[in-house]
Amino acid sequence: MSLKKYIFAGLIGIVSLGSCTYLDKEPDTEIDIDMVFENKTKVESWLANVYSRIPNPGNDWLNTYGWEVFADDLTASARWQQWDWPNITKILGGWTPNTQWAGNFWDGLPRKIRQAYIFIERVHALPEADLSQKEVDYMKAEARFLAAYYWWQLLETYGPIPFRPNYIAPTDFTLSDLMVGQRPFDEIVSHLDNEMLEAAKQLPPVWQSVEKYGRITSVMCLTIRAKMLLFAASPLVNGNEWYIGHKNKEGEELFNSTYSQEKWVKAAEACKLLLDEADQAGYRLYVEYNEEGEIDPFTSLENVWFTKFQDGNKEILFPYTKQDAYQSYQFYTNKAVTKEYGGGNGLGVYQGLVDAFFMKNGLPITDDNAEYVEGGFSTEKETRVTEWTGGTGQKGEVTAEGTYNMYCNREPRFYTTVSYNGSWYALAGRKYEFFKNQKDNDYTHDAPQNGYLREFGIRIA
């Protein structure tokens, strides 16, 4: 039985914090930790449990963790606050020093890190059960990366954290065993950098077996490593004077307040390594072509979200394959579908994001040569060579006559990301009507906050 089955099933692990206490069991049915690692099925289940805290790209990122909302990428309907969803509405002004955050990383991630370390320490080949040493080495590398990945999530979220890697507290611990102090940010990043890189060296860039799709690859390791090093090079933690004097109990500065150009060099090298390894393994940007044989950016940008890796979308570097992926996709898309079709119709974007998109000539709207017009309405429809029908319902038509000029002559990413008043609503076969008291804005909770809806943007792996 493959590990993939367990990942898809989302089985709850057989242990909590690595202990093996089972309540209401007869003595002859009790399982101890040694028995677990003598059984291939239970070994796979243990590792699947370590996998189980990989963030869900729909509900977790959008609502439980709230990163997209907190980053101003999205704005929720203010009237969604009546349901007190954990994070999706608090950004609208409801945050206080006492506000609770639903991520709950401190409760869950240390458990998975500990389980990963126990797995690495105890797993061994079971030739009679068809668990080879090569497969065990792969599994250890997967667990090694996952432990580092979970440490990184803690570090990215909270800053310098209590950090004691590769340590498994004994079950009969004393409180002093757990009194681990904060370590400097750069020290932790350096350790995790090495762990992710070493794990990448031991894993394939693509699993040849479809059954293993979703398990950690070298490319997945290098992807998170590159993102981590880019963050570590950013002004937030690279030479930020706000952190001067922020020390641990040993008196060590927890952040380096002196800017280092070398961190950007290291981040660039990590990105280059990722690109080279991914390219060599056959990963590519997803593209589709128009009738003239040229890349069609409109259909490429739209269908990248709906095309699976196995169907030719080699742009996916870090897939999420748990069974709840589709439910997450539904959670997201429901918020961007109008009330007419039972949707939430309130997941929008800010005007600032609309303004951030370039013009079709590649220039920002602030450039004197951008040919951007903010006021008035277009006097003719705009056409481009594309198979896309999302502009007006007709192939090649991007905007209709009478479109607000602010939305005309923009880059393809704009039209496949933002739904605005007067844009084409393909599901209904009509234009969106976002003005107050119009069809798509009855001024209830099921209406966009700023007159824009976010197009679909969750990929089904």
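I began with charges over rings, where Lys314 lies over the face of Phe309 at 4.0 Å from the ring centre, and the charged end of Arg215 sits over the ring of Trp207, 5.5 Å from its centre. I counted a charge as over a ring if NZ of Lys or CZ of Arg is within 6 Å of the ring centre and within 35 degrees of the ring normal.

I noted that this is a predicted model, in which local features need pLDDT of at least 70 and side-chain atom pairs count only at pLDDT 80 or more, while totals for chains, interfaces and linings use all residues. Residues are numbered from 1 along each chain as its sequence is written, and side-chain values use heavy atoms, with hydrogens and water left out.

Next I looked up the aromatic pairs (ring centres of Phe, Tyr and Trp, the latter by its six-membered ring, within 6.5 Å; stacked if the planes are under 30 degrees apart, edge-to-face over 60, tilted for the rest), and found 30 in the structure. One of them joins Phe298 and Trp388, which are stacked at 4.9 Å centre to centre with 20 degrees between the planes. These partners are 90 residues apart, Phe298 being in helix 11 and Trp388 in the loop between strand 1 (382-383) and strand 2; helices (H or I, at least four residues) and strands (E, at least two) are DSSP runs numbered from the N terminus.

I then checked burial (buried is under 20% relative accessible area, exposed over 50%, partly exposed in between, with a 1.4 Å probe and protein chains only). Phe298 is buried at 2%, and Trp388 is buried at 4%.
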